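Dear colleague,

Please find the structure below, handed over for your study. The findings follow directly after it.

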Amino acid sequence: MSGHGSGRVERLLEGLAAGDRTAISEALNLVDDRRSEQRQAALELLDGLATRPLPHAPYRVGITGAPGAGKSSLLNALVEKLRASDAGIGIIAVDPSSQRSGGALLGDRMRLSGGARESGVFLRSMAARDRLGGLADATQAGATVLSSVFEWVFIETVGIGQSECEVAQLVDTLVFVAQPGAGDTLQFMKAGILELPDIFVVNKADTGPAAERTRGELESTLGLTASPEPGDWRPPVLLASAQDRQGIDTLLDALAEHRDQGLKSGRLEARRQSGEQAFAVDSLARRYGEYGLERIGGAQAVAQRLAAPGPRSIFAVVLELGREIERAVKPG
Amino acid sequence: MPNNPKLEQTDRPWMIRTYSGHSSAQASNALYRSNLASGQTGLSVAFDLPTQTGYDSDHALARGEVGKVGVPICHIDDMATLFDQIPLDRMNTSMTINATAAWLLALYTAAAERQGVSPDQLQGTTQNDIIKEYLSRGTYVFPPEASIRMTSDVVAYTVAEIPKWNPINICSYHLQEAGATPVQEIAFAMANAVAVLDAVRARDDVPEETLGRVFGRISFFLNAGIRFVEETCKCRAMTALWGELGRERYGIDDARMLRFRYGVQVNSLGLSEAQPENNIVRIALEALGVTLSRDARTRSLQLPAWNEALGLPRPWDQQLSLRTQQILAYETDLLEYPDLFEGSHVVEALTEELLSDARGELQKVLEMGGAVSAVENAYMKQALVESHTLRIQAIERGEQSVVGVNRFEETADSPLTADGDASILKVDDSAEREQVERLLAFRSGRNDDEAKAALQGVEDCLKNGDNIMPASIRAAHAGVTTGEWADTLRRVFGEYRAPTGVGSARGTLASEGTEAVRTRVDALSETLGRRPKILVGKPGLDGHSNGAEQIAVKARDVGMEVVYDGIRLTPEEIVQSARDEGVHVVGLSILSGSHSVLVRDVLERLTKEGLGDVPVIVGGIIPDDDAAALRAAGVARIYTPKDFDLTRIMGDLVDIVGEAAR
Ligand code: B12
Ligand SMILES: Nc1nc2c(ncn2[C@@H]2O[C@H](COP(=O)(O)OP(=O)(O)O)[C@@H](O)[C@H]2O)c(=O)[nH]1
Ligand SMILES: [Mg+2]
């Protein structure tokens, strides 16, 4: 790899390999940076990460659902459990940006209790910026960075319809957190994204029978829409209470099961690949626009070249395609 | 004696108090006795932050805080010293204590028993209002449900055993200090009272027929701002609404039980750092507001001091506030007349308007499941943050006049502040060391087995649902410490972090100034490659969140990305968060007086983490001398209350981040 910031990239790669938190943070800053030479360096970094063997098998979990459903609390409960086994955990928490100012208030979400706050869980919050769906620009790249260091990578994002689609593309398992009350299910059905989550959790089961009712409703709604092929994953609907730490083990079991099944069936691999491809197309389109993509044959053709198997990482391909576009649009 | 002895109608003066306590039990005892000697008629105890949040003076989190903003009370000997030579059967003591109210009441009861005074002779108040801690005051520890249970334990216990005690003082005071409008102050306080009363009513050990007595023991603690006519009407409206609630929701008809009893501390939020002597006048007018109407007159009054925004008051400063009350009560003819507003259409109409708006707001909170739900879902907190944003904005734009601040700013040199930091009380750092020494001596002198057994008794209560008071009083006698008691509760109940309310708070209105900064932020984003990101951090036990909240909201509104995780974080947590989050600048907000220790700690840790080039700015109550020292230690900029123009601060932020990026 040659390029602008390669010294820095080498240094970051080393730091990441050593699990150095300052390097993680700097890498996340880099993949978030819009300046053109930084973008270049970011792709080099991602390529470097993609092409080197990892000492662990990272697993990415998306947690989505309406504000206040208890996503952060549930995540906290999961983290507590996982920390008991010393697992490395990285979290990306995405919050909406203000439409008006472009600014964002992050935080007020990590209800990490004392233990988890102190135990070295890595948390980066990101603002959704101009992405309508609610996912930060740099989420995919950020998740790649965190995956290179931690076994568990969680992405918490506010469920506002579109964002489920986006987060589904970049995680191995998508968990939807609902709270008791019919409103949620209805909203969810209206949004038309019932197919996306792999696991449903009705949280706040401690508040009474409404939780069980909501679970029933969700189950029957799911039963109507999804008629799975044999061997297909059938999304379970679980009950939990983040507050009373109930149902956390069951959720962890369901995660493990989904992961194992995905690994066996090859679905996980396919999903990761298509997620990366979507990211790549997106990233090129955002940088060079429709017009730029047209120069090298349009989105379709780009997608095809990205999908073609090869020794290089998708990030390297993106770099190369970018250069091609630049050559094509530059006069003379 | 009033000046006109012919009048028979004369009302008795309200109870005159001063909120005080600092350094040590011994020093505070001396202060109390001298205050009583100069005509104060009741005591109002300020505890230090470790005591309020359940830490012993030797705990790591207590460092720099011991004896600062109140008196440290770790065990029964401290409590006994605090009231040495003050006969508790004749004293009326108000204690501003909440999360650990049950424990401090247990210590007080035990100390009284040592004096030979039995519980049924005790008079006074435990503030014991946890809901407003989540919303404003910040010294909560445990989750809402567990906290409400303890509140109701104290209520049930005192109604039976300490019948002259006010077990809870529902505070709307702190809500106004966090920005509440009069309507919010009324409605949220009533919702709070309903949450407590409902919890007490649901208990098996409180028979239906005592509910009237319970209702009658609930008192309130109100604020009184500078719009004193409106404040008079607010007090009248609350009197009416309380009666309504009692009759309609709780079926009480005994007029004595329905009486709205309240004390007041007048507004401090509006007291200025600029031309601080003007505060003397503000304080007097505010005191007038809550004493003017006989039918809705306060029963006790505390006044802040003229130097409120500078730092802690010295004895002379408190004396001036005391004299202000005494002039009002004993010199003027205020107490000689029946209610001045009887038949006033104007006052009636304004009262009615407040009342009807407050009823609506109360209904809204009750419909979302009551005050506890409205804490957890951040409804009330967010509403306060939004009201406060509007208040600050009105001052910034000059729509709300504050004399000496945004109007009539020119001033001659004030002799009151000529000596710089000598115009406030400075607590000697040796206070902490000596307190810790006493604590260690106390621990080694007690019978550990007895203490341990008593503590087990407390834990058993928590688990089997018995009232926590009797076991706590036994623990007090057995030499259990504040930290041990609270740790036991932390273990059983867990700790809680309340929502900050800023997340989706509606922010500032667009203005020319804001737009201009926003444009600069956009330009800076281009240079940085991403939006400027700021961490607003509140290290230590300090619960003053207003400043941090408003800075956070404003920074978002000018286009920055803001990380704000609420109060009471350790320097270590703040530095970890600064690093993980990749921020461009760290802003610390500290008002409790522990800035010197905490800011240095953060600076050192940042350097150790290789983040020494991230600029640090600090805001809060920072006396000039300390500010100079902090600047020398590397703080980029320091802000105090006189820097009320948030837009200007945002402009500075752009400069600071821009410079650091170069
Ligand atoms: C409002 C208030 C409260 C409210 C707080 C509500 C809340 N949620 O914030 C309530 C009633 C709860 C309260 C309680 C207490 N208070 Co108080 N309180 C005040 C008061 C009157 C105003 C503070 C305020 O909110 N101002 C409005 C905000 C917007 O201004 P600000 O915070 O100063 O912020 C401005 C600047 O400083 C700067 N800034 C601040 N932070 C930051 C951060 C950044 C990044 C930047 C750039 C700028 C910046 O910009 C802001 C814009 O102008 C002050 C006195 C005064 N007039 O200043 C006392 C004061 C701070 N309180 C004091 C005390 C002692 C207490 C208690 C500890 C009393 C006790 N013993 O129990 C309690 C406990 C609180 C706790 N848990 O820590 C003392 C502190 C003494 C000291 N430092 O030596 C003061 C100074 C009063 C006094 N003279 O005694 N208080
Ligand atoms: N009763 C109850 N409340 C919960 C539970 N989980 C979360 N909450 C509360 O629900 C609110 C929102 O929680 P949070 O985790 O911030 O939700 P998020 O917005 O989805 O991340 C908070 O007040 C939590 O205390 C639960 O299991 N039971
Ligand atoms: Mg959340």
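Between chain B and chain A, 18 residue pairs are in polar contact, both residues being at pLDDT 80 or more. A polar contact is a pair of N or O atoms within 3.5 Å; within protein, one must be able to donate a hydrogen and the other to accept it, and residues adjacent in sequence count only if both atoms are side-chain atoms. This is a predicted model, in which local features need pLDDT of at least 70 and side-chain atom pairs count only at pLDDT 80 or more, while totals for chains, interfaces and linings use all residues. Residues are numbered from 1 along each chain as its sequence is written, chains are lettered from A and ligands numbered from 1 in the order in which they are written, and side-chain values use heavy atoms, with hydrogens and water left out.

**The interface**

On the side of chain B that touches chain A, helix 23 (571–581) gives the most, with five residues. (Helices are DSSP runs of H or I with at least four residues, strands are runs of E with at least two, and both are numbered from the N terminus.) By class, this side of chain B has 13 nonpolar, nine polar and 16 charged residues; Ala, Val, Leu, Ile, Met, Phe, Trp, Tyr, Cys and Pro count as nonpolar, Asp, Glu, Lys and Arg as charged, and the others, Gly among them, as polar.

In total, 38 residues of chain B are in contact (heavy atoms within 4.5 Å) with 31 residues of chain A. There is one salt bridge between the two chains, where a salt bridge is a side-chain nitrogen of Lys or Arg within 4 Å of a carboxyl oxygen of Asp or Glu. Arg21(A) forms a salt bridge with Asp580(B), and their closest N and O atoms are 3.0 Å apart.

Strand 3 (residues 104–106) of chain A runs parallel to strand 12 of chain B, joined by three bridges; two strands pair if DSSP finds at least two bridges between them. Ala104(A) has Glu561(B) as its bridge partner.

**The sheet of chain A**

Within chain A, seven strands form an open sheet with parallel pairing, in the order 4-2-5-1-6-7-8. Strand 4 (122–127) and strand 8 (237–239) of chain A stand at the edges with a single partner strand each, so one side of each has no neighbour in the sheet. Strand 2 (residues 89–95) of chain A is joined to strand 4 of chain A by six bridges, and Ile91(A) stands opposite Leu123(A).

Yours sincerely
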